[in-house]
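Reader: Could you take me closely through the charged side chains of this protein, and through the loops around them? I would like a connected account that I can follow residue by residue.

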Amino acid sequence: MNRKIKNVTVLGSGVMGSRIACHFANIGCSVLLLDIASEKMTDEDLQKGLDLRSSKVRNSTVNNNIQSVIKSNPEPLYHPSFVSQIKTGNFDDDLPLIKNSDWIIEAVLENLEVKKRLFERVEEFRSTDTLITSNTSGIPINSMIAGRSQGFKEHFCGVHFFNPPRYLPLMEIIPTQYTRQDIIDFLSDYGDLFLGKTPVLCKDTPAFIANRVGLFNMMAVFRLMQEMKLKISEIDLLTGTITGKTKSATFRTADVVGIDTMIKVASNIFNDCPDDESRELFQIPDFIKKLESNNWLGDKTGQGFYKKIKSPSGEKEILELNLDNFEYQTSSKAKFPSVTAAKPVEDLHERIKMLTYSHDRAGEFLKKLSFMIFKYVSFRIPEIADELYKLDDAVKAGFGWEIGPFETWDILGLDKTIPMMEELNLKPDTWVYELHRKGNKSFYKTVNGRKLYYDISSGEYKNIPGKDNFIILDDYRCTKPVWTNNGTILHDIGDGILNLEFRTKMNSIGSEVLEGISKSIEIAEKDFKGLVIGNDSQNFSAGANLAMMFMLANEQEYDDIDLAVRTFQNTTMRIRYSDIPVVAAPHGLALGGGCEICLHSDKIVAGAETYIGLVEVGVGIIPAGGGSKEMTLRASDNYKEGTIEFPELQNYFLSIAQAKVSTSAYKAFELGIFRKGKDEYVLNRNRILAEAKKAAIELSDLGYTRPAKRENIKVLGRSGLASMLVGAFSYFKANYISEHDKKIAEKLAYVMCGGDLTSPALVNEQYLLDLEREAFLSLITEKKTLERIQSILTTGKVLRN
């Protein structure tokens, strides 16, 4: 049937329920958020003459909860205005309103009897075809539906979102024996297409998939830490970004999730999984019990494995718990020879191999941890899932791992790991030996650009369902690229479209990337229909190569700096004025030069979680890869006859001068970086490249022709410049900005007003490019600019000098 989701009810307004409500509001749904009716009045309520019958009083629980979540970090909404999509109420007065809902999501406290009583009331008011799901993280799904009607059971299943639901893409779907197949299929498709999720079909087993494997990983870390006498900071270094895990690593993650929550889930797995061969590992260690008895539960109590304090100088300081004496101390920087050697290695696969097979304590820890996880996941099939790719998908999407357990095993190699695991008494399950005896060397393999997984039941490699509409660049790397250099790879992604992938550190932009862009356009113009600039790494691009620019400026190589800036400008103008459509596909960070590449593309197809902006002012310079020019051009295009033009220009000026970065793709439209009616964003990051490719094909098929160069950009000259200079001076006198900030603002104002022109005029793009380049060159050699760049490179912090 043609099912649509327009109206959603969320039952329970705790942190999870409110954040789920916010994410449905993000995608345009009307949301009804309900919770218990309050029976308490505040002094403010009494002063206003309210009583317990007032809706404001009765809805105070839900209203306070949603307001608290909206103010929390990370932001749950793409834009603050989206809260208007959420209406609030209470179970006693407003439950009949659920009859209008297409999907009812239960997110009340984790108590089976509470959930069952609520579902009994839901059945009284729900429409016959309404979907009902539970967001439980571990209560058996089948236990919730006793006494419910057949129609209720057919439309019910578990749908477990991970916190925070806007940012973590995992959506575990746990059907019961009664759940209709078309309901399961619909939820999977809807989660992928509309919610931006990675749907993973799970069995109704304790903790489902992600928490079962993720928590085992955490408990294994605890065991090894004690055995090897490692410090918290050492563990978090080895289980963080260096090995493709999240920045919060192990112990910071535990603090965020809540140590009490971790204890509860681990205890449930220990109690509910008597046949788990690694069950004893889920017993709570003594140091965790002590944290619980001290009420040191992480962020919710202000301290856990870490504690934030203010130093005597007023600076924020993070202390680390010493587990030997249970006292907090200044966190020392963890160091291992293998980590020092591996840090410059950009390829994560190579880095993981290098670290795991190193001969220091870091290598010993990572080997043992990896082998423990490999053994564990091998025994979880078919208990928690029949297909191994589901375990990888769930852990990656739920815990933010870049590479899943079986994918990691492939990197380290079956031939090498199996004997080493046997030596440590960590033999995997028998099916792994069967796979290996057949001569297979991996759990996955790529055939004709398609990633296949080993299916245990048939003993054959099969296509991964649901991946047909994704473009995964990793699958193309086993084939010969169209062209490559040290910083880029050009792939043929089919249907006449090329994709240029940056391969530098943080995808920073230097001469090799600029060469790659120009060469890709040249190749595409000759033999292809279009070009996509995008990647599947964590970020699109962190901006220009500051280290190279710092070196040139320090050595006073002015001609080389001038050439570098000209090359950057020529490249962005090549993007703008090519004979084929160029589509940019940003996600994650798209800063500085990365933003300028997007600004000059024919179309942007971004991920919803794109954080984009021109941030050069923060390091003491202005955008000079066409960014200052482009924002001036866009302001000019927005001028309306008969209106005052300066406010429009000022908005674009402030976007650069204040180094504004969008906190979502939606907010990039507000900043004028994305163009309404032209650029777009998609919620599922896995679909970005496929949608960008589709956009490039559409532009080509519509008869794309090279745009005409702009000669009609209106600049305001002295009239605009005077106002901007007064504004910069006022900010300086009020101590909002430093003297160097004032100088940067004055240079930027000069560029965006077209220089010291006596009256408004029409100019071309090259005129503005020359102005921005001259301003950049005058700033890059300033002592204070060099101090800022050095601070960024050495500490990662912006220096306000």
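Author: A salt bridge is taken here as a side-chain nitrogen of Lys or Arg within 4 Å of a carboxyl oxygen of Asp or Glu. The model is a predicted one, in which local features need pLDDT of at least 70 and side-chain atom pairs count only at pLDDT 80 or more, while totals for chains, interfaces and linings use all residues. Residues are numbered from 1 along each chain as its sequence is written, and side-chain values use heavy atoms, with hydrogens and water left out.

By the salt-bridge rule, the count comes to 52. Among the linked residues, Arg212, Asp276, Glu277, Arg380 and Glu383 form a network of salt bridges.

Ala207 sits in the loop between β8 (198–201) and α9 (210–228), where helices (H or I, at least four residues) and strands (E, at least two) are DSSP runs numbered from the N terminus. With a relative accessible area of 5%, Ala207 is buried; buried means under 20% relative accessible area, exposed means over 50%, and partly exposed lies in between, with a 1.4 Å probe and protein chains only. Although Ala207 is not a glycine, its phi is positive, at about 65°, and its C-alpha atom is separated by 7.3 Å from that of Val265, which is 58 residues apart from it along the chain. Ala249 also has a positive phi without being a glycine, in this case about 50°; Ala249 lies in the loop between α10 and α11 (251–257) and counts as buried at 11% relative accessibility.

In one of them, the side chains of Asp579 and Arg706 meet at 2.9 Å, N to O. Asp579 belongs to the loop between α23 and β19 and Arg706 to the loop between α28 (688–701) and β24 (713–715), so this pair ties together parts that are 127 residues apart in sequence. Asp579 is partly exposed, with a relative accessible area of 41%, and Arg706 is partly exposed as well, at 43%.

In another, Lys519 and Glu522 are joined at 3.5 Å, N to O. These two residues are separated by about one helical turn, because they are 3 residues apart in helix α21 (residues 511–527). Lys519 is partly exposed at 27% relative accessible area, and Glu522 counts as partly exposed at 43%. A further salt bridge joins the side chains of Lys462 and Asp455 at 3.4 Å, N to O; here Lys462 is partly exposed, at 35% relative accessibility, whereas Asp455 is buried, at 4%.

Pro581 is found in the loop between α23 and β19 (582–585), and at 1% relative accessibility Pro581 counts as buried. Leaving aside neighbours within four places in sequence, Pro581 is in contact with several residues, including Lys529, Asp602 and Tyr704.

Glu234, placed in helix α10 (residues 232–238), is a charged residue without a salt bridge: it is buried, and the nearest side chain of opposite charge, Arg361, is 4.1 Å away. Not counting residues up to four places away in sequence, Glu234 touches Ala334, Phe336 and Arg361.

Patches are made of residues with over 30% relative accessible area and no salt bridge, like charges being joined within 9 Å and nonpolar side chains (Val, Leu, Ile, Met, Phe, Trp, Tyr) within 5 Å. The place of a charge is taken as NZ of Lys, CZ of Arg, CG of Asp or CD of Glu, and accessible areas come from the Shrake-Rupley method with a 1.4 Å probe, only the protein chains shown counting as cover for residues. Lys333 lies in the loop between β11 (327–330) and α14 (337–342) and is exposed, with a relative accessible area of 70%. A patch of negative charge gathers Glu555, Glu557, Asp559 and Asp560 on the surface; of these residues, Glu555 lies in the loop between α22 (546–554) and α23 (558–576) and counts as partly exposed at 47% relative accessibility.

Notes: Lys, Arg positive; Asp, Glu negative; His and termini not counted. Contact = heavy atoms within 4.5 Å.
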